[in-house]
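Dear colleague,

I am handing over a structure that will be new to you, and I would be glad if you would look through it with the notes below at hand. They follow directly after the structure itself.

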Amino acid sequence: AAPPKVSTAEVAKAAGVTDRTVFRWAQMGLLPTPKVVYGGKKGKQTFWREDAANQAAWVRAQLDNGRTFTEILGALAVGEFNPAQDKR
């Protein structure tokens, strides 16, 4: 079975940020790389891993707690955000 697909709007809403910020965070390595699908009536669509919304909310919480982007990248590298652990 294919994993559920999450929209950019859902990821942005989870973190309380704009779509543009979500893409910037993904470029910085703070979020997983989205899958872009071209074609169909809707044109280009972007889908994110199921845990991307949780990760975006986690990144936002880290920023709100005063961490820098560099510190957050380091925290991600050592596994501080664990999507398997974060199931609610």
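Two strands are said to pair if DSSP finds at least two bridges between them. Please keep in mind throughout that this is a predicted model.

With that in hand, β2 and β3 pair in the antiparallel sense, and three bridges join them. Within this part of the model, K35 stands opposite F47 in β3. On its other pairing, β3, which covers residues 45–48, is joined to β1 over two bridges, again in the antiparallel sense, and here W48 of β3 is the bridge partner of V6.

Taken together, the three strands form an open sheet in the order β1-β3-β2, with antiparallel pairing. The edge strands are β1 (6–7) and β2 (35–37), each of which pairs on one side only.

Turning to the helices, I would begin with α1 (residues 8–15) and α3, whose axes come within 7 Å and cross at roughly 30°. Angles under 35 degrees count as roughly parallel, and α1 is therefore roughly parallel to α3. The contact is made by E10, V11, A14 and A15 on the side of α1, and by A52, A53, A56, A57 and R60 on the side of α3. By residue class, this contact of α1 with α3 divides into seven nonpolar residues, two charged and no polar. The crossing in which α1 passes α3 is right-handed.

Helix α3 (residues 52–64) also meets helix α4 (residues 69–77), and the axes of these two come within 10 Å and cross at roughly 135°. For that reason α3 and α4 are oblique to each other. From α3 the contact takes in Q55, W58, V59, Q62 and L63, and from α4 it takes in F69, I72, A75 and L76. The residues of this contact of α3 with α4 comprise seven nonpolar and two polar, with no charged residue among them. Here, too, the crossing is right-handed, with α3 passing α4.

With kind regards

Key:
Residues numbered from 1 in each chain as written. Predicted model: local features only at pLDDT ≥ 70, side-chain atom pairs only at ≥ 80, totals over all residues. Heavy atoms only, no water. Helix = DSSP H or I, 4+ residues; strand = E, 2+ residues; numbered from the N terminus. Axes fitted to C-alpha atoms, helices over the stretch in contact; angles between N-to-C directions. Parallel < 35°, antiparallel > 145°, perpendicular 65-115°, else oblique. Left-handed = near helix turned anticlockwise from the far one by under 90°. Contact = heavy atoms within 4.5 Å. Nonpolar A, V, L, I, M, F, W, Y, C, P; charged D, E, K, R; others polar.
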